Amino acid sequence: MSDLYTKKEVEDYVTNVAFERPLGVSISAILLIFNGALLLVTQLLTLNALNEASTLLGMCRGMFQGFIALLGLAGTAAGIGMLFGKKWAWWLALFYFTYETMRYACAILFIPDISPALGGVQLSPAFYYIKYGMRIIWNLFFSLFMCRSTVTGFFQTSEINKWRACTALFFINGVMVGIGWWLTR
């Protein structure tokens with residue numbers, strides 16, 4: 001037994017949180033932690049390449065690297081918070097999934113502009129449409145999952161109008177993605 005937690009705190013956690021957590025929440029949390037950590041590790045391994053990409057896009061290196069790190073930290077934090085049933089984790093996870101959905105929707109809109117801008121290997125646009133289309137479906141699925149009554153009950157967010165929250169987050173993320181696209185033009 002750790003000195004950080006009393007026996008009663010551990011028993012309360014196991015009986016009140018771990019057994020009540022829906023399986024989908026556990027799976028989502030693990031995927032978010034993995035995805036966020038993978039993004040952070042990949043960023044560290046490709047630091048120079050990302051600096052070159054930021055130059056190609058005409059963005060400040062610090063801002064570009066900082067935003068990638070922030071996205072990785074947000075995914076990891078949301079996943080960890082979800083394991084413990086924190087209300088803020090529900091908001092952060094929903095924000096993460098709606099942001100990813102809007103980012104991939106923007107990518108689909110501008111697929112014809114990507115290959116000439118970045119150069120390198122010229123793959124068929126159909127490959128990118130399928131790739132980003134599947135990512136949109138994947139993130140929409142998780143956004144809808146986060147609005148299920150069992151999930152909002154676990155996070156104690158049942159009193160929140162789920163559809164209004166999703167609409168607001170899609171709008172906010174759409175504006176953020178749009179501003180990001182506009183800044184790279």
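Which residues do ring pairs link into a cluster? The cluster consists of Y96, F97, W138, F141 and F142. The model is a predicted one, in which local features need pLDDT of at least 70 and side-chain atom pairs count only at pLDDT 80 or more, while totals for chains, interfaces and linings use all residues. Residues are numbered from 1 along each chain as its sequence is written, and side-chain values use heavy atoms, with hydrogens and water left out.

Rings of Phe, Tyr and Trp (its six-membered ring) count as a pair if their centres lie within 6.5 Å; planes under 30 degrees apart are stacked, over 60 edge-to-face, and the rest tilted. The structure holds ten aromatic pairs. One of them joins F127 and Y128, which are edge-to-face because their planes stand at 75°, with the ring centres 5.3 Å apart. W138 and F142 form an edge-to-face pair, at 4.9 Å centre to centre and 75° between the planes. These two residues are four apart in helix α7, and therefore separated by about one helical turn.

Helices here are DSSP runs (H or I, at least four residues), numbered from the N terminus. Helix α7 covers residues 125–145, and its 21 residues should span 30 Å at 1.5 Å a residue; the end C-alpha atoms are 30 Å apart, which agrees. That expected span is 1.5 Å times one less than the number of residues.

A residue is buried under 20% relative accessible area, exposed over 50%, and partly exposed in between (1.4 Å probe, protein chains only). The buried residues of α7 are Y128, Y132, G133, I136, N139, F142, S143 and F145.

In one, E159 meets K87 at 3.4 Å, N to O. E159 lies in the loop between α8 (149–154) and α9 (162–184) and K87 in helix α5 (residues 87–109), so this pair ties together parts 72 residues apart in sequence. E159 is exposed at 58%, and K87 is partly exposed at 39%.

E100 and R103 form a salt bridge at 3.0 Å, N to O. Both residues lie in helix α5, three residues apart, about one turn of the helix. E100 is buried at 5%, whereas R103 is partly exposed at 31%.

Notes. A salt bridge is a side-chain nitrogen of Lys or Arg within 4 Å of a carboxyl oxygen of Asp or Glu.
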